[in-house]
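User: I would like to learn how to read the charged pairs and the ligand sites in a structure like this one. Could you take me through them step by step?

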Amino acid sequence: MGSKERYHWQTQNVKVSGVDDMVLLSKINEEAITDNLKKRYMDDYIFTYIGPVLISVNPFKQLPYFTDREVELYQGAAQYENPPHIYALADNMYRNMMIDTENQCVIISGESGAGKTVAAKYIMSYISKVSGGGPKVQQVKDIILQSNPLLEAFGNAKTVRNNNSSRFGKYFEIQFSRGGEPDGGKISNFLLEKSRVVSQNQGERNFHIYYQVGHGFLGKLEKITAVFIFSGNMRISLQFRQVTQKQGRNTAVNFLQNAMSVVGLAEEEKTTVLQIVAGILHLGNIAFREEGNYALVASEDFLAFPSYLLGISQDGLKNKLTSRIMDSKWGGKSESISVTLNTEQACFSRDALSKALYSRLFDYLVDCINKAMQKDHEEFNIGVLDIYGFEIFQKNGFEQFCINFVNEKLQQIFIQLTLKAEQEEYVQEGIKWTPIEYFNNKVVCDLIESKVNPPGIMSILDDVCATMHAKGEGADQTLIQKLQMQIGSHEHFNSWNKGFVIHHYAGKVSYDVNGFCERNRDVLFTDIIELMQGSEYPFIKDLFPENLEAEKRGRPTTAGSKIKKQANNLVQTLMKCTPHYIRCIKPNETKRPRDWEENRVRHQVEYLGLRENIRVRRAGYAFRRVFSKFLQRYAILTKETWPQWRGDEKQGVLHLLRSVNMDQDQYQLGKSKIFIKAPESLFLLEEMRERKYNGFARVIQKAWRKHVAVRKYVRMRKEASDILLNKKERRRNSLNRNFVGDYIGTDNHPEIRQFVGRRERIEFAAVVVKYDRRFKTVKRDLILTNKFLYLIGREKVKQGPEKGQIQEVLKRQIELDKVQSISLSTFQDDFFIIHEEQYDSVLQCIFKTEFLSLLYKRYEERTRRKLAIKFNNMLEFKVKKSGWGPFGAAGSRQIQFQTGQGDEAVVKPSSKVLLVSIGPGLPKNSRPTRQDKRKSQYFGKQPVNSERQGTPRGGAQVKNGARRRSQASSRASLLLRQNSMDQPTLPRQGQRRSRNQQQPQADMEFMNVPDQGVAGMQRRRSKECKPVPGSGRPKPAPRPKPRSPQCRALYAYDAQDTDEISFNANDIIDIINEDPSGWWIGRLRGKEGMFPVKKVSRL
Ligand SMILES: Nc1ncnc2c1ncn2[C@@H]1O[C@H](COP(=O)(O)OP(=O)(O)O)[C@@H](O)[C@H]1O
Ligand SMILES: [Mg+2]
């Protein structure tokens, strides 16, 4: 029964490419993983799962599957229903949050340029789209979406790895009301790369905002910035001209202005913000020259603009950049003295001022955004962590060290939550389990952050800083020595002449120790603070709120310890949420689409630990939950558990599992938790639960659908009758009959289905009577698809192991375009002739009107021509040449129709003419009448009586086909029964079908009726009718049972499509899924794929 969904899914949406959940890979090694990712990537599938973890490979091009259609498709759908997508993950978070009332977070990791930020944006926009809310909520949504470009302008820059690289980390919590509306939010920012305020590496740029300000389109700043650009004496090489050409200068700035308004900045504040940026740019113009070992400002002209912009005096600025007040202790007293700086120190002061201004401005913006989204009390939230990824540059300084450390911590969480925790939990709960080895990077985290035994790099760094001389000379060298002394023998550590090397989880990085101590100390000299506190602009004063008197005591916090603290706080926060993971992979460094650098990907696959991830996942249990939560979640399933189970929790869980007949090998009960093995088993529970909850909503939905369907059906019937209008007398029942389409129920008859192409839609199928050249009758299954007409007969097998058995045989297959015409009599009989070039087929079928109207439509679709339908009471048909003998020759026969008695045709064959007589039917101009009554019928509860009508009846058939009829009718009833199976059902559920479960059965049966006759297919198309769990996957998971059944190939088969397997006669194939469609899924020589059942015999 799962097959139908698969058909639908495949034919409607995508071709299958690799496996969409790598848990299903037949071989688990890096090569197979990389191969699978590549195969999918090349087919434009960037998303792949490992269980709940989403792997995303940067496509470097816009892919078409991020539209509203996908938002709709993934909303409320289970993971297995659709191809992997970031929307599925986002939807899952959102729904989990609502259902479990638990906070969620998603950790997006990956190298710089791997697509983290883009992923974060997709998540936010998805959540904003699927969640409701009034104007207040809309405002929060606007802020959430607009804060992105604003923070990107100030926090992103072009690097060699990414043109829009985030130079800060961000944890964005979207807060929700109990109703699931995003009504607040909070951003925590980390690690702004301050060095970029004053410098840049080769081939890189500074923060985007510099260039946007540089456009000079900022109102009152226009002139100033113009001068600035003109001055050409900048320390920071800005590429204004390039920017101007590349982007519309107005758009960037307008956009920015708008974003600032959305987050609540007043006009004046907006100007001041940009003014400060301009001031920072101008600070960069100040150069120094050396005179007698002292620094002097090279050209005083350059002091004017920054002083003006920052609201400070020129002299003050000059003094503070070239001298410093030092506190010196002398005996018991301390004394302040003014020290003149050398050029190096002066440059350092200038840059320190720029960095302080910029980073405080950045924090201010984050604060503004936070204030604008603030909520008085927090309910639930979804956190999105987008932090800048592991990075290696030519020269790696203190900032890279910090970034890589945070990434190391994130990897650690990942390991803890997925690998380690998973395994430890099994042990704790007493679940049977074989451990799996993996690299735990805790050792690297410790190397960096450990306090003692041995102290980590950060501790050693802090010690060096604490004791370093005010000017800091030689401190970095001291650091190298100390590191070497204290941790030189650590496995993951080496030193080199300029610094040290860390063996990170993601690879070796050499750090240049130069500037480490200075950056770690991160002290802003009192002088500079004082200078800025003297600004005439309150806004700028407020950026420097330090109380200089109070801050003199105690060991100051260092940048390293701050980051350590932030990282650990972050870990704490994340650990409190239900985590989700997106692991971004960067396929190349060229930023070009379709460029696959095998080694690069392989490396990422390795260090991300994907292989271990798959292995743990595969061996383990997909789902676990503490008994009480499980009971609470599925309470609705039985009356004993609703509203509350009284008694032992474990027994309650068992009771629930038994009530749904879950296989015993599918779960284990630990000490406090239940573990469920295959996700499919869980889905069963979920579906069941959902159906119970949604029952009411569905009744309403169904009524609407029925209403729509009835209208469609009425139209279809009218169309059908139009074909025969004024041409042919009608049978009494044919006008007002329901159209079922598939009267055979081919979905449950693989022996018939096997002849039909896997991607063909069956539009019509019914048992018909065929007349041969001697007017002898024989039964055939007539099948109409969107491409072909088929006639299927039955024959006794003459040879082989199945000798004597009756087998289906394809008797005729006519391409629709090859049909020349159809001819019928003008009487009410059921005869029709299909004319084709070679020979014609004379058939008799009570559903001829339905068949004809479908054929007419499909024919027109395919050929863009109208199908010729002729009416005559003397019909002629060609017979094919078949062998020797008096009847073997090609030639033609005739059918003569005449008025007789009764509603059944009476046939009288002679050698070349068949005489058919039948009584008068309804007049030729009859039209369907029962339109109004229909309503009550369909809105009523009783099942549609297609079973009765689906049973062939009528003259020749009745006489010749008693056995056949009962067969057909049992098929029809089988079809009815099977309809109920289209609903998700629990194993062995048949025994305990309750009354309200039967209702959808009738409803679903109704759903067959109006839609072009493909009974099963149309039901599947209905969204409301959720597919059978697990069946949305292109390839179902291997069964949990250890030994899979096998079959032997009777004949060789060449795969016709990428998702099929080829084999030779006598090959033994492992059967993964025996699908009633006639296409099974099997595994041969490591490859999984589909194959036609008729080519094999089960062992
Ligand atoms: N899903 C995607 N579709 C299209 N392009 C993408 C996608 N993900 C990333 N990119 C491209 O790659 C660039 C880098 O992605 P980004 O998310 O900024 O990387 P990261 O944040 O990991 O450093 C983007 O600017 C964009 O051009
Ligand atoms: Mg980024």
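**Reading charged pairs and ligand sites**

Analyst: Glu102 has a relative accessibility of 28%, so this residue counts as partly exposed. Please keep in mind throughout that the model is predicted.

User: With which residue does the side chain of Glu102 meet in a salt bridge?

Analyst: The general idea is that side chains of opposite charge can pair when their charged atoms come close. Here the side chain of Glu102 meets that of Lys629, with N to O at 3.1 Å. Glu102 sits in the loop between helix H4 (86–100) and strand S3 (104–109), while Lys629 belongs to helix H26 (residues 627–634), so the pair ties together parts that are 527 residues apart in sequence. Lys629 is also partly exposed, with a relative accessible area of 28%.

User: How many salt bridges does the structure hold, and are Lys848 and Asp830 buried or exposed?

Analyst: The structure holds 45 salt bridges. Lys848 forms one with Asp830, the closest N and O atoms being 2.9 Å apart. Lys848 lies in helix H30 (residues 848–863) and Asp830 in the loop between strand S24 (819–824) and strand S25 (831–836), 18 residues apart. Because buried means under 20% relative accessible area, Lys848 at 3% is buried, and Asp830 at 3% is buried as well.

User: Which residues are joined into one network by salt bridges that share partners?

Analyst: That network consists of Arg161, Lys586, Glu589, Glu597 and Arg600. Within it, the side chains of Arg600 and Glu597 meet at 2.8 Å, N to O; Arg600 is partly exposed at 28%, and Glu597 is partly exposed at 23%.

User: Turning to the metal, which residues coordinate the magnesium ion?

Analyst: The magnesium ion (ligand 2) is coordinated by OG1 of Thr117 and OG of Ser166, at 2.0 to 2.2 Å. Thr117 is in helix H5 (residues 116–130) and Ser166 in strand S5 (residues 165–166), 49 residues apart, and the pair links distant parts of the chain. Thr117 is buried, with a relative accessible area of 13%, and Ser166 is buried at 8%.

User: Which residues come nearest to ligand 1?

Analyst: Of the 16 residues around ligand 1, the nearest are Asn58, Gly113, Lys116, Thr117 and Val118. An N or O atom in the side chain of Lys116 is 2.7 Å from an oxygen atom of ligand 1, whereas for Val118 a backbone N or O atom lies 2.9 Å from an oxygen atom of the ligand. The protein covers 83% of the 560 Å² of accessible area that ligand 1 has on its own.

How values were computed:
Residues are numbered from 1 along each chain as its sequence is written. Chains are lettered from A and ligands numbered from 1 in the order in which they are written. This is a predicted model: local features need pLDDT of at least 70, side-chain atom pairs count only at pLDDT 80 or more; totals for chains, interfaces and linings use all residues. Side-chain values use heavy atoms; hydrogens and water are left out. Donors are N, O and S atoms within 2.8 Å of the metal (3.2 Å for Na, K and Ca); water is not among the atoms, so sites may look incomplete. Helices (H or I, at least four residues) and strands (E, at least two) are DSSP runs, numbered from the N terminus. Buried means under 20% relative accessible area, exposed over 50%, partly exposed in between (1.4 Å probe, protein chains only). A residue is near a molecule or strand if one of its heavy atoms lies within 4 Å of it. A polar contact is a pair of N or O atoms within 3.5 Å; within protein, one must be able to donate a hydrogen and the other to accept it, and residues adjacent in sequence count only if both atoms are side-chain atoms. Accessible areas come from the Shrake-Rupley method with a 1.4 Å probe; for residues, only the protein chains shown count as cover. A salt bridge is a side-chain nitrogen of Lys or Arg within 4 Å of a carboxyl oxygen of Asp or Glu.
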